[in-house]
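These are my notes from looking through one structure.

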Amino acid sequence: MEFFQALIQRQRAIAWFWVLLLVFAHNGKKAISASNYLVGLGSYDITGPAADVNMMGYANSDQTASGIHFRLRARAFIVAEPQGNRVVFVNLDACMASQLVTIKVLERLKARYGNLYTEKNVAISGIHTHAGPGGYLQYVVYIVTSLGFVRQSFDVIVDGIEQSIMRAHENLLPGSVYVNKGEILDAGVNRSPSSYLNNPAAERSKYKYDVDKEMTLLKFVDDQWGPVGAFNWFATHGTSMSRTNELISGDNKGTAARLMEDWFNQKSVGGIANEIPRRVSNIVPGTQRNHHELLELASSFQSASGKRVTRYLSIARRVRSALRSADRPRFVSAFCQSNCGDVSPNVLGAFCTDTGLPCDFNHSTCGGKNELCYGRGPGYPDEFESTRIIGERQFKKATELFNSASEKLNGKIDFRHTYLDFSQLEVTLPKQGGGSETVKTCPAAMGFAFAAGTTDGPGAFDFKQGDDSGNAFWKLVRNVLKTPSKEQTDCQQPKPILLDTGEMKQPYDWAPSILPIQILKIGQLVILSVPGEFTTMAGRRLRDAVSAVFKEKVRVVIAGLTNTYSQYVTTFEEYEAQRYEGASTLYGPHTLSAYIQEFTKLATAIVSGKPVEAGPQPPDLLNKQISLLPPVVVDSTPLGVRFGDVKTDIPRNSTFKKGDTVTVVFWSGCPRNDLMTEGTFALVELLQGQDTWVPAYDDDDICLRFKWSRPTKLSAQSHATIEWRIPQSAMPGVYRVSHFGASKSLFGSISHFTGSSNAFVVK
């Protein structure tokens with residue numbers, strides 16, 4: 001009897017085992033189906049030459065890179081169906097995308113991955129910082145102030161994009177993507193309000209603000225590792241840093257990205273989630289010493305003379321070095337650009353520098369002069385503080401959306417891409433009273449108001465915004481370069497043409513005519529890749545038109561300055577006002593209508609499942625590029641001085657408190673000798689124990705500035721000034737400042753060096 005009871009119990013146990021196994025299997029299927037995508041993120045350094053190269057954005061020939069505020073990066077995400085489509089989105093800490101950069105990146109991806117990543121499903125977008133090195137675009141008008149093409153600027157961006165995509169590809173694992181949105185009310189104002197008011201009153205009444213205040217955020221969650229990144233889109237210009245700044249910087253969006261990545265790293269090691277992050281390193285708090293003990297310890301470390309090292313020491317000593325990264329994927333956060341055409345981060349408004357009064361409303365002038373009218377950021381008159389504040393405001397909203405994101409993206413991944421000749425595109429428009437008419441876009445041209453600049457960066461001479469007639473003198477100057485035809489003049493009306501760039505072909509094309517447009521769709525999210533800067537209302541019209549095509553409810557975001565660059569896109573009514581944005585709308589008054597027509601076709605193709613024609617290929621002008629930037633000839637130091645020696649040191653036995661600035665000057669070489677990619681030119685180290693120096697802050701930290709200069713313009717000698725503004729979060733202890741650099745000999749060989757300051761105490 002006991003035998004049969006035991007047998008029955010055993011059979012019951014086996015039955016329960018199979019029931020539980022089926023339950024686990026069922027739940028496992030649910031878990032797998034819950035992760036309907038593969039997600040991967042990657043990031044790589046794209047900081048260009050920090051010396052001699054003109055900054056891209058303000059077209060100010062006097063604004064030449066002379067150091068680093070913080071480093072620039074390419075950040076990429078890939079979302080893929082396990083057995084289907086995939087899309088790639090790359091966000092660059094650069095002024096804009098470049099057609100030539102895009103072409104060369106796609107060539108590399110084809111060589112590495114075949115047809116997995118192509119022009120159809122890869123989007124490359126710029127944040128529109130005006131504080132990055134120029135010379136990486138292929139059309140003449142965009143590289144005049146950089147003395148032509150700068151191969152070093154170009155190569156580091158192409159390399160960085162490729163590396164960021166490779167890292168994202170290698171990190172592809174099952175995961176989910178969440179979407180969230182929210183308003184930021186104090187990070188952007190309309191810098192052309194008189195132009196905005198030209199739009200129909202009935203249309204304006206549908207909106208509470210004259211700029212878009214909404215941020216849309218994607219949260220990427222890996223099934224194994226949890227959150228691995230966040231990308232968001234929000235419209236505000238990268239012009240918190242002014243037209244006189246000479247330090248490479250990601251401006252407000254780059255600042256926000258640095259803050260959020262450090263915030264997540266701090267949070268993941270037990271930090272407080274709602275605090276503004278300090279820079280996180282591998283510092284482990286040591287035994288607390290009193291001030292006298294710290295001074296005694298610091299006095300035993302005098303400045304170290306310059307010595308030769310390998311370039312990899314800079315990479316190894318970098319605070320966020322990949323050589324010390326954990327096993328888990330690195331958290332990647334990108335703050336992407338949207339329809340920022342008329343949106344300024346200088347939220348206090350525009351004022352005259354001579355009187356302090358507001359600028360003229362219609363023309364943004366002061367006593368008739370545009371040069372005196374400047375926008376003021378929230379940290380005025382400190383542009384670094386304005387950059388931090390606007391970046392911090394975006395960062396805070398992003399973390400709020402990140403923490404509360406609950407709507408998961410579900411559905412198929414799809415994409416469409418085509419090239420269009422915008423110099424002669426036919427556009428069908430509805431006529432009042434019924435019927436339709438056909439109009440055309442024009443070859444590219446820039447109006448007189450283009451030269452007036454904006455309140456973020458005024459122009460020169462007697463140009464002014466809102467000019468719809470031009471003047472005789474500048475027309476004579478224009479005609480020396482190219483006299484526009486009557487057909488072109490009529491097509492561009494009411495724009496008075498200053499530069500007929502679309503018809504200027506010597507020594508090669510001055511402006512693009514063939515442009516890419518693209519839609520990436522991930523479930524209910526639709527990304528519109530536009531190759532320019534749409535104004536607020538232009539962006540609203542485009543989003544509405546595309547949204548109306550899709551049967552299901554979708555979230556539509558505009559990714560501005562993507563895949564190539566073709567300046568501005570205004571509404572027809574804003575174009576008539578001929579402020580800066582209208583004068584910079586290259587292809588005439590019907591440019592926006594052309595975009596709406598063609599994006600609607602792409603959206604319709606996605607809905608119907610039909611392909612679209614590839615369109616005419618844009619030119620590859622790499623072999624035609626001209627560069628007039630002189631090379632680095634040689635670096636030198638005074639007799640008896642080594643590269644890396646300290647020129648101006650911190651006095652021995654010095655003590656600083658939080659909020660103070662520590663400054664050290666080193667004998668250096670030109671930063672163009674080696675960009676220190678994924679490394680650093682500047683380092684603040686903290687002493688642990690009796691003799692171990694740990695990296696604490698480097699030139700990717702907002703509190704540390706690397707400045708480079710020559711005693712005279714043609715001197716072969718140069719100095720590196722490192723300024724550390726001690727943050728409130730700095731740990732008390734003994735510190736020193738170190739410099740990494742590279743020098744060039746007369747025979748062309750490159751040698752790397754390092755040097756360190758006297759140690760000092762922070763209390």
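What volume does the largest cavity have? I looked it up in this predicted model and got about 80 Å³. The count of cavities of 30 Å³ or more came to 4.

Entry on the cavity lining. I listed the residues around the largest cavity: Ile46, Gly48, Leu72, Asp93, Ala94, Cys95, Gly132, Pro133, Tyr136, Ser153, Val156 and Ile157. I sorted them by class and found 8 nonpolar, 3 polar and 1 charged. Next I checked which elements they come from. Strand β7 (132-133) and helix α3 (151-170) each supply at least two residues of this lining. Helix α3 gives the most, with 3 residues.

Entry on Tyr136. I picked this residue from the cavity lining. Tyr136 lies in the loop between β7 and α3. Is Tyr136 buried or exposed? Its relative accessible area is 1%, so I wrote it down as buried, the cut-off being under 20%. I then looked up its contacts, leaving aside neighbours within four places in sequence. Tyr136 is in contact with Met56, Ala94, Cys95, Met96, Ser98, Val101, Phe149, Ser153, Phe154 and Ile157. The side chain of Tyr136 also reaches the backbone nitrogen of Cys95 at 3.4 Å. Tyr136 and Thr712 are 576 residues apart along the chain, and their C-alpha atoms are separated by 27 Å.

Entry on the pockets. How much space lies in the largest pocket? I noted about 1,100 Å³. Its lining has 44 residues, and Tyr58, Ala59, Thr145, Phe450 and Ala451 lie nearest the centre. By class I have 26 nonpolar, 13 polar and 5 charged. I found that β2 (55-56), α10 (472-481) and β22 (497-499) each supply at least two residues of the lining. The largest share comes from α10, with 4 residues.

I then went to the second largest pocket, where about 790 Å³ of space lies. I counted 32 lining residues there, of which Asp52, Thr64, Arg672, Arg710 and Lys713 lie nearest the centre. This lining divides into 14 nonpolar, 11 polar and 7 charged residues.

Entry on Arg736. I found Arg736 in strand β35 (residues 733-744). Why does Arg736 count as buried? Its relative accessibility is 19%, and buried means under 20%, so Arg736 falls on the buried side of the cut-off. What does its side chain make a polar contact with? I noted the side chain of Glu685, at 2.8 Å. Leaving aside neighbours within four places in sequence, the residues in contact with Arg736 are Leu683, Val684, Glu685, Trp693, Ser756, Ser757, Asn758, Ala759 and Phe760.

I took α12, residues 536-547, which has 12 residues. From its first C-alpha to its last, α12 reaches 16 Å. That is close to the 16 Å expected at 1.5 Å a residue. Which residues of α12 are buried? My list reads Thr536, Met537, Ala538, Gly539, Arg540, Leu542, Arg543 and Val546.

Technical notes: Residues are numbered from 1 along each chain as its sequence is written. This is a predicted model: local features need pLDDT of at least 70, side-chain atom pairs count only at pLDDT 80 or more; totals for chains, interfaces and linings use all residues. Side-chain values use heavy atoms; hydrogens and water are left out. On a 1 Å grid over the protein atoms alone, a cavity is a set of points where a 1.4 Å probe fits but cannot get out, and a pocket is an open set with protein on both sides within 12 Å along at least five of seven lines; lining residues have an atom within 4 Å of a point. Grid points are joined across faces, edges and corners, and a volume is the space filled by probe spheres set on the points. Ala, Val, Leu, Ile, Met, Phe, Trp, Tyr, Cys and Pro count as nonpolar, Asp, Glu, Lys and Arg as charged, and the others, Gly among them, as polar. The expected span of a helix is 1.5 Å times one less than its number of residues. Buried means under 20% relative accessible area, exposed over 50%, partly exposed in between (1.4 Å probe, protein chains only). Contact means heavy atoms within 4.5 Å. A polar contact is a pair of N or O atoms within 3.5 Å; within protein, one must be able to donate a hydrogen and the other to accept it, and residues adjacent in sequence count only if both atoms are side-chain atoms.
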